[in-house]
Amino acid sequence: MAKSVTSDAISVILANPFPDSSSDLPEIVVQVVDLKPTGNKYMFMASDGKMKVRALLQSTLASEVTSGNIQNLGLIRVLDYTLNDIPTKNDKFLIVSKCEVVLSALEAEYKADVKVEDSGNSLKQNQEMDADVQIESPGIVLKPKQEVVTKSAAQIVHDQHGNAAPAARMAMTRRVHPLVSLNPYQGNWTIKVRVTSKGNMRTYRNARGEGCVFNVELTDEDGTQIQATMFNDAAKKFFDKIQMGKVYHISKGTLKVANKQFKTVQNDYEMTLNENSVVEEASNETTFIPETKFSFTPIDELGPFVNGRELVDVIGVVQSVSPTMSIRRKSNNETIPKRDIVIADETKKTVVVSLWNDLATSVGQELLDMADKSPVVAIKSLKVGEFQGVSLSALSKSIVLVDPDTPEAKKLRSWYDSEGKDTSLAAIGNDSSPSNRNGARSMYTDRVTLSHITSNLSLGEDQPVYFSIKAYVSTIKPDQAMWYRACKTCSKKVTEAVGSGYWCEGCQRNEGGCNLRYIMALKVSDASGEAFVSVFNEQAEKMIGCTADELNEIKLHDGEPTYQKKLKEATWVPHLFRVSVTQNEYNNEKRQRITIRAVAPIDYAAESKYLIEEMTKIKVSN
């Protein structure tokens, strides 16, 4: 077969944007121009010498580029593709999912314009046009021109309809589109995906009546994910048919731009399947295990995700692993295993990750056995909570990889071995300093006065809202219950056991001793007013200057006057606070609850800069 660019290859592609496996398309050989990486894929311009189209090599073909097989200015034979419209740019985009290398790099970009000298001899011209045309790059021969008359793309396809299709295309049972190629403007498509998460059937009620709905997360062999939703008749039709972990061919669905507030996967679009959609199990074909793709969030940037719907991926070095605990669910009184691990990353922050059920007993035990080696873990799909500042919790669909062979893991291991293990690490949320990235949990983000919170009693009705304040601790009542007895393992409240020791309901066992942890109320004040706030252990330690155990020792051994003096020393000291505001109901009366989530001392340089910026804003607005 001649190593040549196919004449009018781009026209053929434009005329057949979504070829079927049965289509007898002609051979399509194009030149790769302007090849450059984008993530784990490669973009280029596909050229036939006359026309060009923007193109993308699927991630499965990335190794062909890194190995040097596919090169810039080289030739490739396109065996499988999809052509997408980009309406916003009035442009086309070619997704190449299968190809083979024809030739490595040429010396220059090929141009199909062929100049024929005018000798006055028409016969000589015709002979030249019928002959093979050589381009300047050595060893490359173009196909002979058959006709001078320009043909449309449709005519070209019709004339070449009898040509044999490439063997790779003939072997395909159906045309499968990669998820990355789908968009709302595309016509018919079929995807081959594995169900990697399946939700429960839920009922809802709105102005149009009652209905039911359930969601699934679908993953193709490239690791690309998309969330699919089924309502009412479609939900009833597919709920039993779609099984967790199985591979399906799905077609006749619709796509729309994903709602960022509710999406659970990294995809710009979400899919809806209706009762006319087709879902067929790929039982007689080779199935696949999807590639796990991560989008890591640094630990010091977890703040904006607290109590949100969006899930995060993290990677970190394991600092500690707790024993397995038994937690009793309030909903059904069922006991489930739990294990906490603490991980750290290059931001020099740590965070607690709670593993549940099988993850706690399988991967959790593996991590406990190798904890002394400080393994690296990559965890996908974690929910971000606010227990003790910021915390992470695994879900049923979470994936944990131990010491993965990835560039991120190697980089993290190198950092930890060289400097991380000797560096002072702090828990995320314990010192929300003004320099935090994005300012999301900075003490200078959403800065308000106390009166702004106390005068708006509807704050926090639907979900917690967060503010930053600068205030003084004005009152700490010395006669309140300032601490509770806590389990040394899980920090939950313990009770005195029969005989001796303390019983932990969370760990389901007796402990010989316990810790005291702060849980108290205090009054804070600023120029606009005052408010009572709740404060927990880590934040209280910073304000009082000692642990609850140490304060208890002062009260027992040094006496009440010394105890009250210690509390008085903590008052009328200015702090920067990050607080949450929620609504609690007590005796059928809604009350506002303000909780201190983080506390930091005044950084006067940063505070001065903040005040100057605020003054500038006022000046500009006036």
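These are my notebook entries on a predicted model.

**Ground rules.** Residues are numbered from 1 along each chain as its sequence is written, and side-chain values use heavy atoms, with hydrogens and water left out. As this is a predicted model, local features need pLDDT of at least 70 and side-chain atom pairs count only at pLDDT 80 or more, while totals for chains, interfaces and linings use all residues.

**Entry 1, the cores.** I take buried as under 20% relative accessible area, exposed as over 50% and partly exposed as in between, with a 1.4 Å probe and protein chains only. Which members touch the most others? I found Ile453, Leu522 and Phe577, out of 34 residues. Strand β26 (residues 515–526) gives this core its largest share, 5 residues. Helices (H or I, at least four residues) and strands (E, at least two) are DSSP runs, numbered from the N terminus. Apart from this core I noted another, of 27 residues, including Ile341, Leu359, Val377 and Ile428.

I then looked at Leu522 itself, with contact meaning heavy atoms within 4.5 Å. Not counting residues up to four places away in sequence, Leu522 touches Val473, Thr475, Ile476, Ala531, Phe532, Val533, Val535 and Met543.

Gly545 follows α11 and has a positive phi, near 95 degrees.

Axes are lines fitted to C-alpha atoms, for helices over the stretch in contact, and angles run from 0 to 180 degrees between N-to-C directions. From α12 I listed Leu551, Ile554, Lys555 and Asp558, and from α13 Glu560, Thr562, Tyr563, Lys566 and Leu567. These contact residues divide into 4 nonpolar, 1 polar and 4 charged.

Two strands pair if DSSP finds at least two bridges between them. I saw β7 (residues 202–206) and β8 (residues 209–219) pair in the antiparallel sense over 5 bridges. A hairpin of 2 residues joins β7 to β8, and Tyr204 stands opposite Gly211 in β8.

Next I checked an open, antiparallel sheet of 3 strands in the order β23-β24-β25. Here β23 (494–496) and β25 (509–511) are the edges, each with a single partner, so one side of each has no neighbour in the sheet. Neighbouring strands are turned by 35 degrees against each other on average, direction ignored. Strand β24 (residues 502–504) pairs with β25 over 3 bridges, and the bridge partner of Trp503 in β25 is Asn510.

Is Gln58 buried or exposed? At 2% relative accessibility, Gln58 counts as buried, in the loop between β3 (52–57) and α2 (62–66). Leaving aside neighbours within four places in sequence, Gln58 is in contact with Lys41, Ile95, Val96, Ser97, Pro178, Val180 and Asp222.

Glu408, in helix α9 (residues 407–418), counts as partly exposed at 39%.

Note on methods
A nonpolar core is a set of buried Ala, Val, Leu, Ile, Met, Phe, Trp, Tyr and Cys residues joined through side-chain atoms within 4.5 Å. Ala, Val, Leu, Ile, Met, Phe, Trp, Tyr, Cys and Pro count as nonpolar, Asp, Glu, Lys and Arg as charged, and the others, Gly among them, as polar.
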